[in-house]
Structure formats: structure tokens, C-alpha cells
Amino acid sequence: MNNGSIDDYSSAERGFYGMAKNTEDLRKRRPQQPVIDAFDRKILAALAADSSQSYARLGETVGLSAPAVHERVRRLRQSGTIKGVHAALDGAALGKPLLAFVHVEAAGWGKSERLMQVLRFPEVEEMHSVAGDASVLFKVRTASPQALEAFLSQIHAVPGVTGTRSYIALSTYLERPVQAGVTDSWPEMPLPE
């Protein structure tokens, strides 16, 4: 055994019981979040409004060349900032006019393997783990109150579920995807009437 000082090696080189071992690559490094600048936000906002635009049209909108926009969009996709491109579908036109938010109360954490199985139903649009008096929040769109009742029966059959509260949307005034903009300065006073 080498009688060198313990300080001769860094802890990453020493390893277990003084054996030389490099552990630098053992922990996966988190991917760096890209720096989103004003041009990126303009591009993202334009894509959120209409993702079918050409790079040339996007360039005209944001004040960049088509190749520059293409490179920025490529980088934003690679980083995961742009997760995908989706068509916005109309629920009523698809025979699912009833929009409801279902709060699920459960003993313990709430999220379970069995509860996750309800995600296979196409009526489920979103599922969130939430703070507050509910454990999980679902956004569902169904064909009728009876279809919502059938969905709720699936939820109540899950072990550990102690109750649900459903909120049915009567009118929708705003429904949009994640927005690129960020409010830099919130008003000190509530917005005027």
C-alpha cells in the first residue's frame, strides 16, 4: 500500500478505502437550460399562435433571417423547450362538449399505479399532483354527464381514493398552451375595473 499522504489525491480519485478510482462520471449531470432571449420568446410566441408558419414567415415576424430562425428552433427543440407541435382540437366538434376538472382526495399521497391507469382513457387531458385538500387534479372532456359519471366510477374504484369533487365548465373564456412571455413587473395595485 502506498504510504503517501491522504491529501495526495482528491476524494474523487481516492475512491473507497484509498483505492484510486475516478467517480466524476457517476452522477448524471443535469442538462443546462438554454438561455432564452427576446428573439427566442418572439419565435416561441409566434409558433404557439400558429406552428405551421414557415421559417421565412417566422423570420419576418421576429426580425431575423430564415436560417437564423431555423437554427434557433433547432436549438429550442434539442433543449426540450419545444416539446412538440400539436393541432388544437375542438372538444365539442369531436363529440366531447363537457369539460370538467376533477379533484381526487386520497389517503396518503394519492398517486398510485392503479390511478395512473386511468390515463389510458382519451377523455383525460391533464393530470396534476397538487397541494391543498386534493391529491390529484384531472382535466377531463367527456361526451355527456353520464360519461363523466363513468369516469368517476373508475376513480372511485381505485384503492385509497376517499372522495372526488368535480367542477364542470359552463363557458371557457381562455384556453391556451404555455406562453413564451414572462411578466417582468407585476402591478403594485390590482388591475383597474
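Analyst: A salt bridge is a side-chain nitrogen of Lys or Arg within 4 Å of a carboxyl oxygen of Asp or Glu. This is a predicted model, in which local features need pLDDT of at least 70 and side-chain atom pairs count only at pLDDT 80 or more, whereas totals for chains, interfaces and linings use all residues. Residues are numbered from 1 along each chain as its sequence is written, and side-chain values use heavy atoms, with hydrogens and water left out.

User: How many salt bridges does this rule give?

Analyst: Side chains of opposite charge can pair when their charged atoms come close. Here the count comes to twelve. In one of them, aspartate 40 meets arginine 72 at 2.8 Å, N to O. Aspartate 40 belongs to helix H2 and arginine 72 to helix H4, so the pair ties together parts that are 32 residues apart in sequence. Helices (H or I, at least four residues) and strands (E, at least two) are DSSP runs, numbered from the N terminus.

User: Which other residue forms a salt bridge with aspartate 40?

Analyst: Arginine 75 does, at 2.9 Å, N to O.

User: Are aspartate 40 and arginine 72 buried or exposed?

Analyst: Buried means under 20% relative accessible area, exposed over 50%, and partly exposed in between (1.4 Å probe, protein chains only). Aspartate 40, at 0%, is buried, and arginine 72, at 18%, is buried. Arginine 75, at 28%, is partly exposed.

User: Which residues of H4 are buried?

Analyst: They are Val69, Arg72, Val73 and Leu76. These residues cover an arc of only 100° around the axis, which puts them on the same side of H4; the arc is that of the directions from the helix axis to the C-beta atoms. Their cover includes helix H2 (38–49) and helix H3 (55–62). The face turned away from this buried side carries the exposed residues Pro67 and Gln78. Just after H4, glycine 80 has a positive phi of about 90°.

User: Which residues have the most contacts inside the largest nonpolar core?

Analyst: A nonpolar core is a set of buried Ala, Val, Leu, Ile, Met, Phe, Trp, Tyr and Cys residues joined through side-chain atoms within 4.5 Å. The largest has 16 residues, and those with the most contacts inside it are Val102, Val104, Phe138, Val140, Leu148, Phe151 and Ile155. Strand S1 (98–106), strand S3 (136–142) and helix H6 (145–156) each give two or more residues to this core. Apart from it lies another core, of eleven residues, among them Ala46, Leu58, Ile82 and Ala180.

Methods:
Contact means heavy atoms within 4.5 Å.
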